[in-house]
Amino acid sequence: MYFFLTVLFLLGGLYGILMIRYGHGWKALPPYIPTQPITGLTKVTVIIPARDEEDNLPPLLAALHAQDYPAHLFEVIVIDDFSTDGTPAVVKNFPADNIKLLQLSQYLSATERLNSYKKKAIELAIEQATGDLIMTTDADCVMGSLWISTMVRFYEQYRPKFIAAPVSFYKENNFFKILQSLDFMTMQGITGALAQLKDGTMCNGANLGYERKVFYEVDGFKGIDNIASGDDMLLMFKVFKAYPDGVKYLKSEDAIVETLPVDTFKAFMNQRIRWSSKADKYDDKRLTWVLALVYCWNAVLLFGGLFCLFAPAALPYFLIAMVYKVVLEFYFLIPVSRFFGKKGMLTWFIPGQLFHIPYIVVAGWLGKFGSYQWKGRKVK
């Protein structure tokens, strides 16, 4: 029991320092306020990899068509990844001259096997791009009409090489999706905090911007193209190594991209296993150590709960640790949820711990030692 309590208090102390620091980082991150008009000189290419997305693409294409950025200054390239539904037809039939379709089938045979089709899709789209600023999003996303113009204003004002921007879930119409949203919102808050504290590099491929020339300066996905995921964070760190002051986070409600939570527990676990599978691939070891700490803390809490079944004397200490965890995370999440307009969801945070802690442990383990399904393909 003494060993359990020692580990619990040690990891709890480190976790507390981490969350308080992240809370300060998020609060210190200033919201972006544009100070100058758009120059009209920045050409943008929005890249969207898509596989079997005929239902999700129409609202995304409509949102892009409604952007207030001049249509002659941006193009949208949807690159179809061997879809088996009507995805290509949706793009071809959309009534906008600046929305284009590329198909992986024009460059790869159906029998050719890659571990990262998404990276290949983005790479091919960048080769065809005419924009100086590449922006990426996912096919199941939507955004407000100021998305491109806000990203361009930020780029023209600060001239970053790489921009990470906020992503949020929407249509959380049941408890399972609300839990996903809370978990994802935590990761988004940490992303902004890390950028402000300069303690690591995190981002999400649903809302990125980077210079086209920088993509080639860092050799694109070369060296990371064998990793199924990581078209976002692994590329981000390559840019960070080349330009330590050139990576920035855009904290603006106008720049938020909304994406859909998954519908089933199986899809959720595959998604989280895919994300956690990158953990030992990061060259940014600051982030690796943080992920290891978060994993160990949750693992100790999970096994601590089981331990209390055999050692009831440990139960008060376990309950104190759980209250401590919830208070710390509330401290961090309240301002983050206010930014994303989701403060009301925090009422589900405490019961969500029964789901959150086991999933962190299982997904982290399987991300290292297991395999997962992604877009109908099995990946190791």
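Modeller: Start at Arg 159. Arg 159 is partly exposed, because its relative accessibility is 46%.

Before going on, note what you are looking at. This is a predicted model, in which local features need pLDDT of at least 70 and side-chain atom pairs count only at pLDDT 80 or more, while totals for chains, interfaces and linings use all residues. Residues are numbered from 1 along each chain as its sequence is written, and side-chain values use heavy atoms, with hydrogens and water left out.

Back to Arg 159. It sits in the loop between α5 (147-158) and β6 (162-164). Helices here are DSSP runs of H or I with at least four residues, strands are runs of E with at least two, and both are numbered from the N terminus. The backbone of Arg 159 has a positive phi of about 55 degrees, although the residue is not a glycine. Asp 219 is also not a glycine, and its phi is positive at about 65 degrees. Look for Asp 219 in the loop between α7 (212-217) and α8 (233-242).

The buried ones are Met 233, Leu 234, Leu 235, Met 236, Phe 237, Lys 238 and Val 239. They pack against β6, β8, α7, β9 (247-249) and α10 (285-310). Packing rests on contacts, meaning heavy atoms within 4.5 Å.

Next, the charged pairs. The structure holds 9 salt bridges. A salt bridge is a side-chain nitrogen of Lys or Arg within 4 Å of a carboxyl oxygen of Asp or Glu. One of them joins Asp 199 and Arg 21, with the closest N and O atoms 2.7 Å apart. Asp 199 lies in the loop between α6 (175-197) and β8 (208-211) and Arg 21 in helix α1 (residues 2-28), so this pair ties together parts 178 residues apart in sequence. Asp 199 is partly exposed, with a relative accessible area of 24%. Arg 21 is partly exposed at 37%.

Another salt bridge pairs Lys 100 with Glu 75, again with 2.7 Å between the closest N and O atoms. It links distant parts of the chain: Lys 100 is in strand β3 (residues 99-103), Glu 75 is in strand β2 (residues 74-80), and they are 25 residues apart. Lys 100 is partly exposed at 38% relative accessibility, whereas Glu 75 is buried at 3%.

A further bridge brings together Lys 118 and Asp 138, at 3.3 Å from N to O. Lys 118 belongs to helix α4 (residues 117-128) and Asp 138 to the loop between β4 (133-136) and β5 (141-143), so the pair ties together parts 20 residues apart in sequence. Lys 118 is buried at 17% relative accessibility. Asp 138 is buried too, at 19%.

What does Asp 138 touch, not counting residues up to four places away in sequence? The answer is Ile 48, Leu 60, Lys 118, Gly 205 and Ala 206. For a sense of scale, Asp 138 and Phe 355 are 217 residues apart in sequence and 26 Å apart in space, C-alpha to C-alpha.

Now the whole chain. It has 12 helices and 12 strands. Its radius of gyration is 21 Å, close to the 21 Å that the globule rule gives for 380 residues, so the chain is as compact as a globular protein of that length. That radius is taken over C-alpha atoms, and the rule is 2.2 Å times the number of residues to the power 0.38. The C-alpha trace spans about 70 × 50 × 40 Å along its principal axes. Of the 380 residues, 56% count as buried. Among contacts between residues at least 6 apart in sequence, 81% join residues at least 24 apart.

Note on methods: Buried < 20%, exposed > 50% of the residue type's maximum accessible area, 1.4 Å probe, protein only.
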